[in-house]
Each structure stands twice: as C-alpha cells, then as structure tokens.
Amino acid sequence: MKRSRINRIMDDAARMIAHGGFHLPPFAAWTPEEFRARATPAIRDARLGWDITDYGQGEFDQLGLFLFTLRNGSQADLAAGQGMVYAEKLLISQENQISPMHTHLRKTEDIINRSGATLAVQLCGSDELGRLDRMAGCRVDCDGIAREIEAGGLLHLAPGESVTLRPGDWHAFWGEGGSVLIGEVSTVNDDLTDNIFAEPIGRFSSIDEDEAPLHFLVSDYDSQLAREG
C-alpha cells in the first residue's frame, strides 16, 4: 500500500470514529517524532495503535480492514489466568470490503456493530484438526442468545448487535449498505501468530513510502522505533 493512501485512510477513519461518538486515546494523535520520543514499552510491546491492512493483496477497497488497538494485555497474564487478559479494538469495514475467512487459535472475541450500516458475518465450522470445514456449521452466541448457523451462513448485525466468536469459529465479514464502525472486545490479541487464514495471504501490508507517515502503524514499530526504555 502507498503511505499516502494509508494517511488518507487514517484521516477518514478518525472522522468516522468521532462521528460515532468515540474518542481515540492521546497517543493516536502523536506524530512519528512524538511517538519515537514518548512511546512506552506498554504501548509498543502491546502493539497499541493504528493498523491498516490490505492483506498483502493490493486491493484495499475489496479486501482490507482498518483497525485501532485501544488496549491489549499480555500472553503471560493470559497463561497465568489473571491480570490484564483482555483486549479492545475499533475496526472499520467499508461496504463490500471483505475481511477474509479466518479463525484464531487462542482468541475469543465479541464483534460488535457500534454504528453505521449492517455488518454481514459469514460463518463456518472446523474439522477435527481445527481446519476450515466449508460443510460444517457452528453455534455462536448473539447478545446472550444461542444461534445455530449453517455452513457458510450469514449473520446480519444491526448497530448495537454482536456475536461471540471462539477459536475454531471461521468467519469473514464486510459492511452491507455502507461502512460499519465495529468494536472488538476479546482475550489478549496476538496479530503476529494467532490469525489463521483459509487462503495463503498475509496479515500485514508492505508499504510504498511515497510520502512521510502521518502516524506510525503497529507494523512500523519494529523497524522504526528503538527498543530501549
């Protein structure tokens, strides 16, 4: 993705988030220079912040997602069963912009339509080895009500509605009728190792640095930030 496109997506997302009545944390506004000077290990190591992906396919409007990680615990706390064992994100899915079929090995997540259009969620189950089974349905909870979804079936979530997805619940989603501001509340998030895609695609994008970054992406941290402190 071109950095200039990423910068425009950030501006558009910030406006949609504000219109939805949400406020990003102070570090969201830091320039790269401010981030280098002020970012703590708690921000860097938890990979809090801006995250924009086209899944390495170069077609963001058709296959992509905007995310902002607001808070994230540690794998050590999760293993111990106490402490900060949770994470929270804001996502934006544009109309017909697919976040492709995937599941997680460890993470359980609530996907919440916070505002905007309808969120379409396609679901499939797993085989005995946890692999995608396009012939298997799954059982999910929607705001406390159990739902049996047939293989490849769709949930249509209006603003305020949500679905709980557990490891082995394969899912893809997109906005239907417009863009959707999505909340994600989950156990500890690990985007480096815990996203299992049905197709051989990447979680992060390669960047064409055609202009300076407005803000760092979480995928910039390892290459752009010193690790001391």
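Which helix holds both Arg15 and Asp12, and how many residues apart are they? Both lie in helix α1, 3 residues apart, about one turn of the helix; helices here are DSSP runs of H or I with at least four residues and strands are E runs of at least two, numbered from the N terminus. The model is predicted: local features need pLDDT of at least 70 and side-chain atom pairs pLDDT 80 or more, while totals for chains, interfaces and linings use all residues. Residues are numbered from 1 along each chain as its sequence is written, and side-chain values use heavy atoms, without hydrogens or water.

**View 1. Salt bridge between Arg15 and Asp12.** The closest N and O atoms are 2.5 Å apart; a salt bridge is a side-chain nitrogen of Lys or Arg within 4 Å of a carboxyl oxygen of Asp or Glu. Arg15 is exposed at 53% relative accessibility, and Asp12 is partly exposed at 46% (buried is under 20% relative accessible area, exposed over 50%, partly exposed in between; 1.4 Å probe, protein chains only).

**View 2. Salt bridge between Asp51 and Arg203.** The N to O distance is 2.5 Å. Asp51 lies in strand β1 and Arg203 in the loop between β12 and α5 (221-224), so the pair ties together parts 152 residues apart in sequence. Both residues are buried. Asp51, Lys89, Asp191 and Arg203 are linked in a network of salt bridges.

View 3. Phe197 is buried, with a relative accessible area of 15%. Beyond neighbours within four places in sequence, Phe197 contacts (heavy atoms within 4.5 Å) Tyr55, Pro100, Met101, His102, Trp170 and Arg203.
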